[in-house]
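I opened this notebook to record what I looked up in the structure.

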Amino acid sequence: MTHVYVYIRGACSLCSDCARIPSSEPPSTSEKSPATMMPGGLSEAKPATPEVQHIVNQVKPQFESKENRTYGTFKAIVYKTQVVAGTNYFIKVQVSDTDYVHLRVFQSLPHENEGPSLVDFQTGKTRDDPLTYF
């Protein structure tokens, strides 16, 4: 098994994380911990965190407006991420006892001070449907 280690110094000239690392120093990550995601690639599915649920709560009105209905249940279950010029979140959301939707949400870089935006969604999903790029 081959592990890929990713480090991009200065990838974002405005990002505070990039600005904190002096260019003469190596990255402060362990050489034994593989990167879990490369820029542009989709991460592995992970259980939803409170942060992901917060993102889901923020885009719920956008989703309800596009679907022209309201949802009492809107619970993030699992998610994947894709690093672009910001982050795409692919999130499986439970909307009833047996119904799920997949959301693609874009979160811009922190210095842009913009909230998450619902980019696309898929309805008619089940708990077992895998999250894939859409």
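Predicted model: local features only at pLDDT ≥ 70, side-chain atom pairs only at ≥ 80, totals over all residues.

**Entries on helix H2**

I noted that asparagine 68 follows H2 and that its phi is positive, near 55°. Numbering runs from 1 along each chain as its sequence is written, and side-chain values use heavy atoms, without hydrogens and water.

I looked up the extent of H2: residues 50-67, 18 residues in number, reaching 24 Å from the first C-alpha to the last, close to the expected 26 Å. The expected span is 1.5 Å times one less than the number of residues. Helices (H or I, at least four residues) and strands (E, at least two) are DSSP runs numbered from the N terminus.

I found a bend of about 45° in H2 at valine 59, with proline 61 following within four residues. The bend is the angle between axes fitted to the seven residues ending at a residue and the seven starting there.

I listed buried residues of H2, among them Val52, Ile55, Val59 and Phe63. Buried means under 20% relative accessible area with a 1.4 Å probe, protein chains only. Their cover includes strands E2 (75-84), E3 (86-94), E4 (100-107) and E5 (117-125).

**Entries on the whole chain**

I recorded two helices and five strands in the protein chain, in the order α-β-α-β-β-β-β. Of its 134 residues, 32% count as buried.

Definitions and conventions:
Buried < 20%, exposed > 50% of the residue type's maximum accessible area, 1.4 Å probe, protein only. Contact = heavy atoms within 4.5 Å.
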